[in-house]
Amino acid sequence: MTEATRLQTPDDLAALRARVVERRSAKKVCVSICAGTGCRAQGSMELLAEFGRQLESAGLDDVELRATGCHGFCERGPLVVIHPRKIFYHSVQMKHVADIIDKTIQHDEVLPALLFRDPKTKQRCEVEGEVPFYAKQQRIVFRHNGIIDPTDIEDYVGADGYVALAKVLAGMTPEQVCDEVEASGLRGRGGGGFPTGKKWQICRNQPGETKYVICNGDEGDPGAFMDRSIMEGDPHAVLEGMTIGAYAIGASKGYLYVRGEYPLAVANLNVAIEQAKTRGLLGDDIFGSGFNFTVEIVRGAGAFVCGEETGLIASIEGDIGTPRQRPPYPAESGLWGKPTNINNVETWTNVPVILERGASWFASIGTEGSKGTKVFSLVGKVNNTGLVEVPMGATLREIVFDIGGGIQKKRKFKAVQTGGPSGGCIPESLLDLPVDFDKLREVGAMMGSGGLIVMDERTCMVDVAKYFLGFLVGESCGRCAPCREGVFQMHRILSRIVEGEGREGDLETLEKLGNYVKASSLCQLGGTAPNPVLSTLRYFRHEYEAHIKEKKCRAGICKELVQFRIDPETCTGCTLCRRDCPTEAITGAKKEPHRIDAAQCIKCGVCYDVCNFGAVEVE
Amino acid sequence: MTEKKTTAAQRDGTDWQPRIVAFLCNWCSYAGADLAGMSRNDYPAAIKIVRLPCSGRVDPMFVLKSFERGADMVLVSGCHPGDCHYSSGNYHARRKLPAFRELLGFMGIDPRRFKISWVSAAEGNKWSSLVADITEEAYALGPFQEFPKCTAPEKTG
Amino acid sequence: MIKLHIDGQEAEAEEGQTILDAAKGLGIEIPTLCHHRAIPPVGACRVCVVEIRDGGRPGLVPACAYPAQEGLVVETASEAVRESRSMTIQLLLARCPEAEVLRKLAEQWDAPPLTLDAPLDHVEPPKGVPEGAGDRDKCILCGLCVRVCQDIIGPAATAFAGRGIERKVTTPYKLLSDVCIGCGACALVCPTGAIDPAEFCSHSIEKIPNEFNLGFDTRTPIHLPFPQAVPNKPILDRENCIHFRTGGCGACETICPAGAIDLEMEDEIVEEEVGAIIVATGYELLDPSVYEEYGYGRYPDVVTSLEFERLVSASGPTNGELTRPSNGEPPKSIVFLQCIGSREETGPGKPYCSKICCMYTAKHAILYKHKVHDGQAFVFFMDVRAGGKNYEEFVRRVSKEKVATYLRGRVSKIFPHDGKLVVQGADTLSGGQVEIAADMVVLAAAVVPSKGATELAQKLRISYDQHGFLSEAHPKLRPVETNTAGIFLAGACHSAKDIPDSVAQASAAASKALGLVVHDRLTREPTIGIVNELTCNGCFECENVCAYGAISPKDIKDRSGATVAVLANINEGLCQGCGACMVTCRSKSIEVQGYTDNQLFSEINAITR
């Protein structure tokens, strides 16, 4: 490692990059292990240590070991890539380490058992790009994730990091930067979809010396973790984006508001900030331009509502994170009453690459109204879960079936829920919808921060709506009456319906309350909270009606409305359900049809889920 | 009470009545005496009142002149200290007159013949009993005869 | 000036004003709950929503928090607004069915009760507060109490805890607050009456006894001194005001819409030059607790006649309902004791007759019968002194019509027994002892001058008697003047007096005062000092003794204007003619006119002849 000298000019940066690239020659053997939170949970750090030990004892000192950020394919962690051939191993365990060193590293042999096998073609994929999960993705935001070591600024520089910042500070005026971003068509990735360049321009035009930029890293949507992955895996990209934004707006102080539950993101960001300071990429007189910028990390305390701009500002100021009435907008009067620009992690990460490669390049990706790519966290009942980055305009079908590999257990697709808890549910009929900001809004859903939850036939839409509303009842700040009282009352009605107490008129009340909460709430949490109910009512009204009128839950979820039964014709008497039943409600001899004792059945549905023959039925 | 004492004096068998000169301030003691009269209080007629604006107006010469003219007793009465109509006149009297009394012996006058008292406008009863008391005392002291010669020239003048 | 349209009318607003302000200017009423003019708006309750049609992002916005902007087109009662408002009221009403303000709004805005689920408690009591205290179920979480405490008053004693439906107004850590200053601003701004600072304040909030009602009820530091006060304006009592005690609060200043309160104001000494002074300091009652046997101060149902007067007054602490102070029940039997401390030659009382007690006791007996029809009244008296026009007839009526039973005699002892007060006394007419079990005993205590009357008299240099009643200049001929020119007396400061006498004397005093001040020139006493400049040698001893500062040096000049001597000079207007200077002057150069030495010596000569 070279001594950490301050980079005075863009030339210094280019020189450093040249040195890094030379040292990391493409032919060198390198074991790159994913150290994202998902893979860590599956033991990647122990794996890293084991590799270190065994490489040392084998005397392979020249093999580089690298801990990278998240690859996105968390389902199959821990992920290991062996350079220079970039052999992609998934689900690597401690027992495999010796084999990998012995065969792959020393003898250049591929271990087929650790390669990904495409369930459709039955082919083994040697490199990441061949895996269908990645094949359809276009990685712009995730350009460095899984490739560089997030704790080493030289890795980032080697991957063309800070080139955009150098370019901006050396030769662009703040207006030009704003114009460039506006021309790129970048829209806020936090959910609102407001044109980023325009937002900067508004803030820039506000009077006042002191302005702030804030990075919203309070990723609160259940199941969404793309911002975490970026902050963990490519922290410098976030910092570079913020620095460029601050220059464009005229701010010299930035805040990174990171969710409290993201300790690794905070750790990596702290390392990145220290390194950037040492290199003179944060602080006073960056690249000799006279522009000063510092960043401070603020850890959130875990409130969903703090993802709302004004709530987040209140939280940074030390108040209870409660949104306030807008106007005035943060661009006019934000943090400490000063003009403030807030963008989320993904938006900031897009900025350097736009400035580096040009607005027209970025604008060539995506659809008419939505440019670039969008990262989705694909979760639910799909085979391949993980982070997915696709160009705007990719269809849901592509994401769910091509990338996600279809529904688990070959069940039937029912719906996909987008946009986090206050998003909407999109039915099968709209699977070919090209996904962008405007199309999603048209169908009553929203982009949100990019959650995609796939649901199969074993999902009750009323229950889903109730689940999301339950989340929102708990996360509503409680300041304004419509959100606090209205969502609560809607949740109560839904709870009644799933308990079989639904009444005539409930759906009308739900719709009335939903529209009211949407129109009258103080902030967008309330403004979008009824979406799960309204969109399911729109596309799955028959399910609600079945719950209320027939008192039936066809998905077999709502316990009060469900009766499980074993079809004696289909049952093979494999005893699997009998063994898994928690209340011993299932009886039957081996190889003979089993039956369920309704008195003891608690309707947990385990039998239904485990039966390999579809013999368990829902009444 | 007063009546009883007067009778006692008369029982002595002489016609002699003490002559008492009283210098009263206009606002308190004189008004007190007035109240006594209005309340139909009896008190000895031996007392002769000179009304002054204030007890502070009392010049020691007035006292000496009275004795010189044959008064058997002299009384100065003013407002209670603190209640002076003129703020502080009776304070002057309170300092000046006791000092003066100390000098009376030097003049050959029994200091007991000089009385100072404070009677307010509301104290009619106090006034009548005060007069009764000092009249009784004047009887007890007898006629003042130390300055007999002095009186003659003045009488003519 | 910002121009906008509200309900089709053109409205004007200033920079910084809201749609609500602009609508108010047009007389358009928009309901509010979480808004208070003194507190920055937050737009939490959403009752005030209005619809923006044009000139801004269309949709519903809270009028209280949305700035008036040029060109806005606003509807305050469109269908969308009505629907939203009605729903908000219904939802809040579902939570707080008892809140009157919501019920009223529901009527006004057509919000039928929704069949929604049960309300929740929202103001969580701190630990140690008994369950069920206060009206917590009326809290609509508008946050006014929290905001007023934090933004206006400062201590931030209350705060929101919990999120969403769990949100509650409480104290930090739900502990009794030791930063609460007990100002009560939270209760003042609360639209539903849900909050009571006494519930969460760790120290007891002192209740200030209402002086006018003799401590039977309490008042706030800002209060009307008494009903129908002139001027009928509240006064601020600095001793009890939290602002002056702690430096905090100041809510009144912020909240007063007229801006009439200025806490920076200091007491000041106002000097007025007047031509006459009327002293009317009134009276009070002798404290009857000196008579142990009557138990005043120990038994709450033994009251003075003035306290009884407040208890039966329509503007009194019970709004005219006569109740026993001990238990709030109407007294079924009552005993009036006259001459408590009056006509007493020895002991702690007064030798004089208080004059008014006979008559007011008779009146009290009648008032008592008005309030308690089936009650029994007894009066212990020494003599009934009813000298006055129609007085005797009045008293006779009371005793003849059996309004009260008159017993001639004194009471020896009062003691509590079985919830009643046993009054033991003598009835000298029948010659026996009587014992009455009474619910209430009223003591007609002696009339004494007000506290401080004698200090005032000393300042004014007017005389007073041994009881502290101020003295008139002449009991018959000058009954309203004092001995000091220009100072007059009116009412009970002079002697125990009833209302007709007080009015008569006051009228007389007023006439006398007017008689003084209507003249262009003041008639002074002729008896003032004059300096004999021929003998004065300018020692200025006289200047030292003059209580009025009437003596000052005067330059005596010759024809050329050169000063030849500095002599004493007396200001005729200031000199009161006391003669102190005259006695002090060694050269006998000052004479008080009318009291010259020559005159006095002549007088002495005459009386010693």
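User: Which residues are buried in helix α16 of chain A?
Analyst: First, a caution: this is a predicted model. In α16, which spans residues 396-403 of chain A, the buried ones are Leu396(A), Ile399(A), Val400(A) and Ile403(A).

User: Why do they line one face of the helix?
Analyst: Look down the axis of α16(A). The buried residues fall within an arc of 120°, so they line one face. There is a general rule behind this kind of pattern. An α-helix has 3.6 residues a turn, so residues three or four places apart point the same way.

User: What covers the buried residues of α16(A)?
Analyst: The cover includes one helix, α5 (132-135) of chain A. It also includes strands β11 (373-380), β12 (386-391), β13 (413-418), β14 (424-427) and β15 (451-456) of chain A.

User: And what follows α16(A)?
Analyst: Gly405(A) follows α16(A). Its phi is positive, near 75°.

User: Zoom out. How many residues does the whole contact take from chain B and from chain C?
Analyst: Chain B gives 33 residues and chain C gives 31. On the chain B side, α2 (29-38), β2 (47-52), α3 and α4 (89-107) each supply at least two residues. That side has 15 nonpolar, ten polar and eight charged residues.

User: How many residues of chain C are in contact with chain A?
Analyst: 27 residues of chain C are in contact with 25 residues of chain A.

User: Which elements of chain C give two or more residues to that side?
Analyst: Strand β4 (59-62) and helix α2 (79-95) of chain C. Of the elements, α2(C) gives the most, with eight residues.

User: How do the residues of that side divide by class?
Analyst: The side of chain C that touches chain A has 16 nonpolar, five polar and six charged residues.

Notes
Residues numbered from 1 in each chain as written. Chains lettered and ligands numbered in written order. Predicted model: local features only at pLDDT ≥ 70, side-chain atom pairs only at ≥ 80, totals over all residues. Buried ≥ 20, exposed ≤ 12 C-beta atoms within 10 Å, placed from the backbone. Helix = DSSP H or I, 4+ residues; strand = E, 2+ residues; numbered from the N terminus. Arc of directions from axis to C-beta. Contact = placed C-beta atoms within 7 Å. Nonpolar A, V, L, I, M, F, W, Y, C, P; charged D, E, K, R; others polar.
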